[in-house]
Amino acid sequence: MPVKCFAALVMVLFSLLSAAGCAVNPVTGQQQLMLLSEQDEFRLGSQTDQAVIDQYGLYLHDGLQNYLQGMGRSMAGISHRPGLAWQFKVMDSPVVNAFAAPGGYVYVTRGLLAAINDEAELAGILGHEIGHVTARHSAQRYSNMMLTNIGLSLGQEFLGGYGDMLGTVLESGAGLLFLKFSRDDEREADALGVEYASRAGYDAQRMADFFITLRTQPSADGEQGARLPEFFSTHPSPANRESNVRAMAASWQSRLPRQNFLVNRRSFLKQIDGLVYGEDPRKGFHEGNWYYLPQYGVKIPIPGQWTFEQEGNNLQLSHPDRKAVCIVGIRPDSQSSQVVAGFLRTTGATIHRDRMMTNNGMSARMLLSSINDGDRRAVIVSHFYQQGPDVFAFHAMTSAAEFASLQEQIQSPANGFTAMTDRARLNPQPQRIVVKSVGRPATLEAFLRAEKVDSELWPEIAWLNGWQLSAVLASGEQVKVIE
């Protein structure tokens with residue numbers, strides 16, 4: 001790098017650090033380097049909130065949303081940052097996860113609610129996520145990322161490199177979703193979760209029990225502990241986590257004047273009775289060489305031998321030799337012109353062709369564009385379908401060298417996009433959590449057999465309830481069953 005350019009880079013970084021200065025951490029009272037003001041936190045939190053909703057969607061159940069919002073705000077009111085405009089939301093995802101964004105946004109998935117057995121467990125998880133916000137963990141890690149990326153981006157700019165990582169993250173706010181906390185952050189969030197749950201009157205020991213439940217989640221082949229749920233992917237687990245939580249809970253219970261800390265299993269189960277469990281086929285399902293989207297009444301062909309993955313409202317189809325990829329994004333309540341503008345803004349693609357076309361009676365805007373990264377050049381064929389209030393964006397990408405031979409194949413998902421006509425596939429029903437009461441004492445296995453529950457579901461039901469199949473259930477005990 002030329003000396004003048006290096007000096008300019010140093011001056012820019014110095015000015016940023018000088019402007020940022022130090023901020024007082026609301027939890028510790030200590031000063032820390034922070035590039036984000038509270039106003040920046042609110043702005044990024046709002047952007048991230050919209051990104052989360054666009055990607056995963058809210059779980060459409062007003063009663064459950066209001067329940068979570070009421071409980072969460074009550075706990076946030078006794079936190080170190082009670083003045084934030086706290087929002088708590090249930091996301092329509094089957095994965096077991098919870099996460100938070102700056103500014104007071106906390107999310108739990110319906111998959112997590114299905115795995116929880118009482119209100120005290122939920123209080124511990126909400127307290128943990130509230131702790132990430134009050135201790136400004138996301139804001140701190142984002143500040144660190146900004147420092148790294150500012151240096152990288154400016155260095156690339158002076159060297160004539162392509163791309164601006166920081167600009168993309170700042171534009172969308174979605175980059176916050178991929179920030180993983182350190183083990184020290186997790187320890188502090190655990191401590192705050194125990195404190196907030198205990199001060200709210202809940203038995204924080206149940207938070208440790210929930211971590212054990214997560215670790216014993218059965219895999220697809222029925223083996224317990226064979227895989228860790230998404231929660232542990234985004235929340236690295238410190239050593240001795242459960243024992244530390246139990247010790248902290250015991251300490252807080254000895255310091256508070258309460259004798260009967262709440263568990264509230266029955267009232268919690270009442271809230272999740274009827275909860276959609278697992279993948280919801282109404283939002284989409286893969287069958288044969290087609291992906292069906294009953295919610296929108298459309299279907300997408302999948303090229304032979306291509307692999308298929310789905311995450312929220314994004315679908316990814318990959319060439320068997322990894323020579324090409326097609327990404328399909330569903331953007332509810334959007335206009336195609338806005339989606340096109342966002343695509344061009346975030347990728348910096350160069351447009352070579354822009355025209356309107358019709359496929360299977362549906363009009364689409366088609367773009368042929370390219371992206372250069374050093375000596376590499378990728379060609380992208382994009383189709384944007386406006387279906388009522390929703391936009392379906394198809395982006396098929398391959399290298400310039402492979403484009404001529406793969407052009408027809410990579411465009412087949414967009415060209416074959418069509419309306420569903422099969423009534424049977426238009427109204428599939430998801431599995432749900434149904435809460436049932438035990439009539440007379442019996443083992444869990446005997447109860448499930450008497451209820452004529454599919455025996456293949458028994459291990460998963462046992463895990464969901466935190467019991468063994470041999471556990472003896474008392475009369476009146478409530479059981480989560482999958483139907």
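Residues are numbered from 1 along each chain as its sequence is written, and side-chain values use heavy atoms, with hydrogens and water left out. Because the model is predicted, local features need pLDDT of at least 70 and side-chain atom pairs count only at pLDDT 80 or more, while totals for chains, interfaces and linings use all residues.

Let's start with the sheet. Seven strands make up an open sheet in the order E10-E11-E12-E16-E15-E14-E13, and the pairing is antiparallel. At the edges sit strand E10 (307-311) and strand E13 (350-359), each of which pairs on one side only. From one strand to the next, the twist averages 15°. (Strands are DSSP runs of E, at least two residues, numbered from the N terminus, just as helices are runs of H or I of at least four; two strands pair if DSSP finds at least two bridges between them.) E10 and strand E11 (residues 314-318) pair in the antiparallel sense over five bridges, and Phe308 stands opposite Leu317 in E11.

On to the aromatic rings. The whole structure has 10 aromatic pairs, counting rings of Phe, Tyr and Trp (its six-membered ring) whose centres lie within 6.5 Å. One of them joins Tyr385 and Phe394, 5.8 Å centre to centre with 75° between the planes. That makes the pair edge-to-face, a label for planes over 60 degrees apart, with under 30 called stacked and the rest tilted. Tyr385 is buried at a relative accessible area of 0%, and Phe394 is buried too, at 1% (buried means under 20%, exposed over 50%, partly exposed in between, with a 1.4 Å probe and protein chains only).

Finally, the loops. Most residues other than glycine have a negative phi. Arg136, however, has a positive phi of about 60°, and Gln305 has one near 75°. Arg136 is found between helix H5 (119-134) and helix H6 (137-158) and is buried, at 5%. Gln305, in the loop between strand E9 (298-301) and E10, is exposed, at 68%.

Terms used:
Axes are lines fitted to C-alpha atoms, for helices over the stretch in contact, and angles run from 0 to 180 degrees between N-to-C directions.
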